[in-house]
Amino acid sequence: MVRLPYTTGSMADYKSLVGRQWLYGKFDCYTIVRDYYKLLGIIMPDYERPKDLITSKSIFLDQAKNCNFKQVNFEERSKDDVLIMKLGTKNPMHAAIFLGDNRILHQKYESLSCTENYSVYYRRSTKAVFRYGK
């Protein structure tokens, strides 16, 4: 992994990441996290995706440490943090970027990538928060 200078709160122009059609392994939630951080100058490795989305483990949870991410308390979440959610799967697998101002960026299953309000549904679904380079 390439690590370039980065400070929390850096501005990423993520608009180019919005509106992409979900395609597993090419445009999925891990891809949007990788692409977002690439905009910040951080190159994250790509990983083979699990075959079974419903029961498999999270790529991000398994690889967070290798990618220089550390878990932080939910209450301490801030802009650019990665939120790991459990959305209809056995394990928390869905990743989203916390944009601040109660907004998230993510690529939902079989949907277009988008920004949305970080609603009660997503808050309750969030099982872990990770920050780069803490």
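1. A nonpolar core is a set of buried Ala, Val, Leu, Ile, Met, Phe, Trp, Tyr and Cys residues joined through side-chain atoms within 4.5 Å. Buried means under 20% relative accessible area, exposed over 50%, and partly exposed in between, with a 1.4 Å probe and protein chains only.

2. The structure is a predicted model, in which local features need pLDDT of at least 70, side-chain atom pairs count only at pLDDT 80 or more, and totals for chains, interfaces and linings use all residues. Residues are numbered from 1 along each chain as its sequence is written, and side-chain values use heavy atoms, with hydrogens and water left out.

3. On confidence, pLDDT (the predictor's confidence in each residue, from 0 to 100) has a mean of 90 over the protein, and 91% of the residues reach 70 or more. Over residues 1–8, however, pLDDT stays under 50. For this stretch the model has 23 contacts (heavy atoms within 4.5 Å) beyond four places in sequence.

4. The largest nonpolar core has 25 residues, and Y36, Y37, M44, F60, F69 and V82 are those with the most contacts inside it. Helices (H or I, at least four residues) and strands (E, at least two) are DSSP runs, numbered from the N terminus. Two or more core residues come from each of helix 1 (29–39), helix 2 (59–63), strand 4 (82–85), strand 5 (94–100) and strand 8 (126–132). Helix 1 gives the most, with six residues. In soluble globular proteins, nonpolar side chains tend to be buried together.

5. Y36 deserves a separate remark. Leaving aside residues up to four places away in sequence, Y36 touches A12, Y14, L17, K79, D80, I97, L99 and L105. There is also a second, separate core of nine residues, including V72, L83, I104 and Y118.

6. The strands form an open sheet of six, in the order 3-8-4-5-6-7, with antiparallel pairing; two strands pair if DSSP finds at least two bridges between them. Strand 3 (69–72) and strand 7 (114–117) are the edge strands, each pairing on one side only. Neighbouring strands are turned by 35 degrees against each other on average, direction ignored. Axes are lines fitted to C-alpha atoms, for helices over the stretch in contact, and angles run from 0 to 180 degrees between N-to-C directions. Helix 1 packs on this sheet, touching strands 3, 4, 5, 6 (103–106) and 8, and its direction makes about 40 degrees with that of strand 5.

7. Individual pairings can be followed in the model. Four bridges join strand 3 to strand 8, where Q71 has F130 as its bridge partner. Four bridges also join strand 5 to strand 6, with F98 opposite I104. These two strands form a hairpin with two residues between them, and D101 in the turn has a positive phi of about 50 degrees.

8. Nine salt bridges are counted, a salt bridge being a side-chain nitrogen of Lys or Arg within 4 Å of a carboxyl oxygen of Asp or Glu. D81 and R131 form one, with the closest N and O atoms 2.7 Å apart. This pair links distant parts of the chain, D81 lying in the loop between strand 3 and strand 4 and R131 in strand 8, 50 residues apart. Both D81 and R131 are buried. Salt bridges that share partners join D28, R34, D46 and R49 into one network.

9. Which residue forms a salt bridge with D46? R49 does, the closest N and O atoms being 2.5 Å apart. R49 is buried, at 12% relative accessible area, whereas D46 is partly exposed, at 42%.
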